[in-house]
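This report examines a predicted complex. The sequence and structure are shown first, and the description follows.

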Amino acid sequence: MTAFIRPLGALALAALTALVLSVALGSVTLAPAEILAALGGQGEALSRTLILELRLPRSLAAFAVGGLLAVAGALMQVLLRNPLADPYVLGLSGGASVGALLAMLAGLGSVLVSGSAFVGALVSTLLVFGLAHGRGGWTPARLLLTGVVVAAGWGAVITLMLAVSPADRLPGMLYWLMGDLSYAGSPWPPLVLLAIVCLLAVPLGRSLNVLARGAMQAAALGVSVRRLEWGLYLAASALTAMAVTTAGSIGFVGLVVPHMLRLLLGNDQRLILPACALAGGTLLLLADTLARIMIAPEQLPVGVITALLGVPTFLYLLYRSQ
Amino acid sequence: MRRLEARELVIDVPGRPAGRALDICVEPGQVWGVLGPNGAGKTTLLHTLAGLRAPRLGEVYLDGHPLAALKRRQVARQLGLIFQERHDGFPATVRETALIGRHPYLSPWQMEGAEELRLAEAALERLDIAHLAERLVSTLSGGERQRLAIATVLTQAPAIWLADEPTNHLDLHHQTATMALLAEQTAEERAVVMCLHDLNLAARWCDHLLLLYPDGEACWGPAEAMLVPEALERLYGQRLATARVNGAPVFVPVR
């Protein structure tokens, strides 16, 4: 247990630092004293509004989404016993994107766009699971193949929709596809979901460790494999759906953060899952801060920054490892 | 006292007629060897006995309870499996791998403690791989991996060992050491069922044998009654010469 506290403590500290930075920096830079005053309900009305109603909710949402994606990615990798799996590998983001773009095409508001994205994610989840089940049982390989093909189908539908959309809707749609936190809404649902999953990771972590060694081996060691795999699939889907609904499809976090942490911390899921929540959150928080300030007052799509930050870090770690 | 029983058991090998149903009872202290040519269903039988595959007909009982009705966790405290093939998806060290043998005994909220670590270290020591404890499994040789798989089941300490070709990849010394380790289990009222390709190991170490023919036929009984050259020649479709060394029969294939 003590072996877990040090890395998690360091990651929590990094997350806190990133949170402070993201609240302080922006088109208007605020001093720490002003932030503290605003958090305490004092200070100027303008900076209070800026912090409590604009920056803090967005920062918390960014953290939650990053954490959800990284944890979902780690869960998918265990479920499919495949290191290349990410939260989107089973076509979930495709379904969500089609839902969101349909709502945008219809000119609906951001709440309905989110709702529609969630429905899309759900439809895709059920579709993939139903098809992969087929007449026999499903195996990881079959689930993966079904997911990849369904994702390709969604991709074609998205391209078709972009091709026939009126030009004035295109920028909003493209931003959504690349990930955009400016319509995030309340950060609490994703944050609460993230906290619940991290708490569940503690008692389920050892079973996941065993499952990572193969279904037969896990069953021989007393894991109810079918039930655990169902749970994993549903949990990873719910996390991804929540993340996609909050911030559009942000690539890369779910694939790379779990791997970075495995290279650094080993492969005990009881450590990796909470670490993913913290590190994924921190990465997206930093990326979103950069996306806001680099060409302020214009904003860049956050998905671009996560990749630009993550690719060199990951390649460096991979190069350095044995 | 743990008894593993197969009643009217027909294993599910796709596209094969039912053949003869198995009625065997593995008592504490017995060492069973399962012999048969490639594809006869030895591995399928072992997995069926472990409850990892559904039989076509019949049922497996652990201490009189149908295996399918027991919780996997309960079963895992009684039955340990050495698999023939294993795949390592994610990197893990040798020590971590041996430690998962304790999984069925720990509650979800429990972490592996000093006692678990001691058992794992002792098992690694017993299999001569304690010096590899920090190494990644992916860097081990085939024989070292095989010994690690055995050490994991030793850490699990089940009442009944189901071993699929436990001497695979092992050098001569470690083959003998492994068979001695398995035979030693019976002193503690444990039982062993193992699939073997080496007739001579079976003749030397097993007290009961089950011969599985590719067409689903089978026969079983005390080892000395089963080690009939004619039956073995028919089993493998191979002519054999027999000698006796140290009182045990030795079979040598001849052209």
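Just after α11(A), A:G266 takes a positive phi of about 85°. Helices (H or I, at least four residues) and strands (E, at least two) are DSSP runs, numbered from the N terminus.

## Helix α11 of chain A

Helix α11 of chain A covers residues 253-265. With 13 residues at 1.5 Å a residue, the helix should span 18 Å, and its end C-alpha atoms lie 17 Å apart, which agrees; the expected span is 1.5 Å times one less than the number of residues.

The buried residues of α11(A) are A:V253, A:G254, A:L255, A:V256, A:V257, A:P258, A:M260, A:L261 and A:R262. A residue is buried if 20 or more other C-beta atoms lie within 10 Å of its own, exposed if 12 or fewer, and partly exposed in between, with C-beta atoms placed from the backbone. Packing against these buried residues are α3 (45-80), α12 (269-293) and α13 (302-320) of chain A.

## The contact between the chains

In the model, 19 residues of chain A are in contact with 21 residues of chain B (C-beta atoms, placed from the backbone, within 7 Å). On the side of chain A that touches chain B, α8 (188-211) and α9 (215-220) each supply at least two residues. The most comes from α8(A), with 5 residues.

The residues on this side of chain A divide into 10 nonpolar, 6 polar and 3 charged. Ala, Val, Leu, Ile, Met, Phe, Trp, Tyr, Cys and Pro count as nonpolar, Asp, Glu, Lys and Arg as charged, and the others, Gly among them, as polar.

## The sheet of chain B

Chain B holds an open sheet of 6 strands in the order β6-β7-β8-β3-β9-β10, with mixed pairing; two strands pair if DSSP finds at least two bridges between them. At the edges stand β6 (79-82) and β10 (218-222) of chain B, each with a single partner strand, so one side of each is left without a neighbour in the sheet.

Within this sheet, β3 (residues 31-35) and β8 (residues 191-195) of chain B pair in the parallel sense over 4 bridges. B:V31 stands opposite B:V192 in β8(B).

## Confidence and conventions

Mean pLDDT, the predictor's confidence in each residue from 0 to 100, is 87 for chain A, where 98% of residues reach 70 or more. For chain B the mean is 93, and 99% of residues reach 70 or more. The predictor gives the complex an ipTM of 0.92 and a pTM of 0.90.

Residues are numbered from 1 along each chain as its sequence is written, and chains are lettered from A and ligands numbered from 1 in the order in which they are written. In this predicted model, local features need pLDDT of at least 70 and side-chain atom pairs count only at pLDDT 80 or more, while totals for chains, interfaces and linings use all residues.

How values were computed. Contact = placed C-beta atoms within 7 Å.
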